[in-house]
Amino acid sequence: MQRNTVDPRALERSARRRRNPIVGKIALGLAVVSAAVDASAFAVFMGGDTTFAFGICFVVVFLTLIAAVLGFIAAVGSFGRWYGAVGVVLAFFANPVILIVLLVVLAPEALAGT
């Protein structure tokens, strides 16, 4: 081949190679698990055990952070782009801190206790 030319066979090989979407799937799975654990923390809180619910929320915060970082890496790096994007959104809304902020902004009367 001559210099400064394009080899079409190399382009075909690189176009066919797909990246493994496992990172995006892990991010989505962690986000779903975080949402489920967050729901169980809410149920424990409604049952009256606030200390245990607070501890569960700490775990959920870190799970959602890990899921969001992995989802961002997957979305930017093409390692399961859609799985990663959905994982980031779900992890964002499953984070207890975000849920409390949304509750304060959208329904402050729910916190009044009346």
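**Exercise 1.** Determine what separates F54 and F58 in helix α3, and which kind of aromatic pair they form.

*Solution.* Being four residues apart in helix α3, F54 and F58 are separated by about one helical turn, where helices are DSSP runs (H or I) of at least four residues, numbered from the N terminus. This is a predicted model, in which local features need pLDDT of at least 70, side-chain atom pairs count only at pLDDT 80 or more, and totals for chains, interfaces and linings use all residues. Residues are numbered from 1 along each chain as its sequence is written, and side-chain values use heavy atoms, without hydrogens and water.

The structure holds two aromatic pairs (rings of Phe, Tyr and Trp, the last by its six-membered ring, with centres within 6.5 Å; planes under 30 degrees apart are stacked, over 60 edge-to-face, the rest tilted). The ring centres of F54 and F58 lie 4.9 Å apart with planes at 80°, so this pair is edge-to-face.

**Exercise 2.** Classify F54 and F58 as buried, partly exposed or exposed.

*Solution.* With a relative accessible area of 54%, F54 is exposed, whereas F58, at 46%, is partly exposed (buried is under 20%, exposed over 50%, partly exposed in between, with a 1.4 Å probe and protein chains only).

**Exercise 3.** Describe the pair F92 and F93 by its ring geometry and accessibility.

*Solution.* The ring centres of F92 and F93 are 5.1 Å apart and their planes stand at 80°, so the pair is edge-to-face. F92 has 44% relative accessibility and counts as partly exposed; F93, at 43%, also counts as partly exposed.

Methods
Helices (H or I, at least four residues) and strands (E, at least two) are DSSP runs, numbered from the N terminus.
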